[in-house]
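Look over the sequence and the fold before reading on.

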Amino acid sequence: LPAKPKLYYFDGRGKMESIRWLLAAAGVEFEEEFLETQDQYEKLLQGGSLLFQQVPMVEMDGMRMVQTRAILSYIAAKYNLYGKDLKERALIDMYAGGTDDLMGFILMFPFLSAEDKEKQHVSIVQKATSRYFPVYEKVLKDHGQDFLVGNNFSWADIHLLEALLMVEEKKSDVLSGFPQLLAFKARISSIPAIKKFLEPGSQRKPVPDDKYVETLRRVLRMYCDVKAN
């Protein structure tokens, strides 16, 4: 049997979490090596595994892949989660890209000061409800289908569900004005592979805490230009 994909990152969400989501949705089991010391990180650097001195890094199909977008695109294509043609792939890229922009604001959140967290909290909810959620609400309403693109389950759906749940963690009733997205969330969450990933004991990571932030800062202390959060 081929080896399971192996994920190299911290024991927390960050940019690796979307990769975990996508593999889980595809029904692919994976292993993880958590970076906890500078020595671990230095070993990866010296071994030439990190082309741009950055994680996430995924070992899969005989490759060592870096750059989150490249990893996600590869997994989506490999497991038929990337549309049936170039037009569908373009739509998936657009929707996933927009969702990624929204999640970027949330990924920064744990590393902010208390004062800045208050401002960012308001900003996240405002951006979600005025710029991003209305787009997906309209798409689902206009075509009346279960999924965002081509009425087939795709990377765009997985990425959007991840983002919806992240924003709900900031404001539990944030979807109250978006009936299509509420129905979408329930629908996608009930897909067996997704349902399993959402259950306790899965490899899904919790909301980042102080320990995660401290570990990341300690490991990357010598590499201030490395973006791993």
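Contact here means heavy atoms within 4.5 Å. Helices (H or I, at least four residues) are DSSP runs, numbered from the N terminus. This is a predicted model, in which local features need pLDDT of at least 70 and side-chain atom pairs count only at pLDDT 80 or more, while totals for chains, interfaces and linings use all residues. Residues are numbered from 1 along each chain as its sequence is written, and side-chain values use heavy atoms, with hydrogens and water left out.

Helix H7 spans residues 179–189, and its buried residues are Leu181, Phe184, Lys185, Ile188 and Ser189; buried means under 20% relative accessible area (1.4 Å probe, protein chains only). They lie on the same side of H7, because they cover an arc of only 115° around the axis, taken from the directions from the helix axis to the C-beta atoms. An α-helix has 3.6 residues a turn, so residues three or four places apart point the same way. The buried residues of H7 pack against helix H5 (114–143), helix H6 (155–170) and helix H8 (192–198).

The chain is divided into domain 1 (6–79 + 198–220) and domain 2 (86–190), with bounds from an automatic or database domain assignment. Their C-alpha centres are 22 Å apart. In domain 1, 21 residues are in contact with 18 residues of domain 2.

Three salt bridges are found across the interface of domain 1 and domain 2, each a side-chain nitrogen of Lys or Arg within 4 Å of a carboxyl oxygen of Asp or Glu. Helix H1 (16–25), helix H3 (68–78) and helix H9 (210–219) each supply at least two residues of the side of domain 1 that touches domain 2.

Note on methods. Buried means under 20% relative accessible area, exposed over 50%, partly exposed in between (1.4 Å probe, protein chains only).
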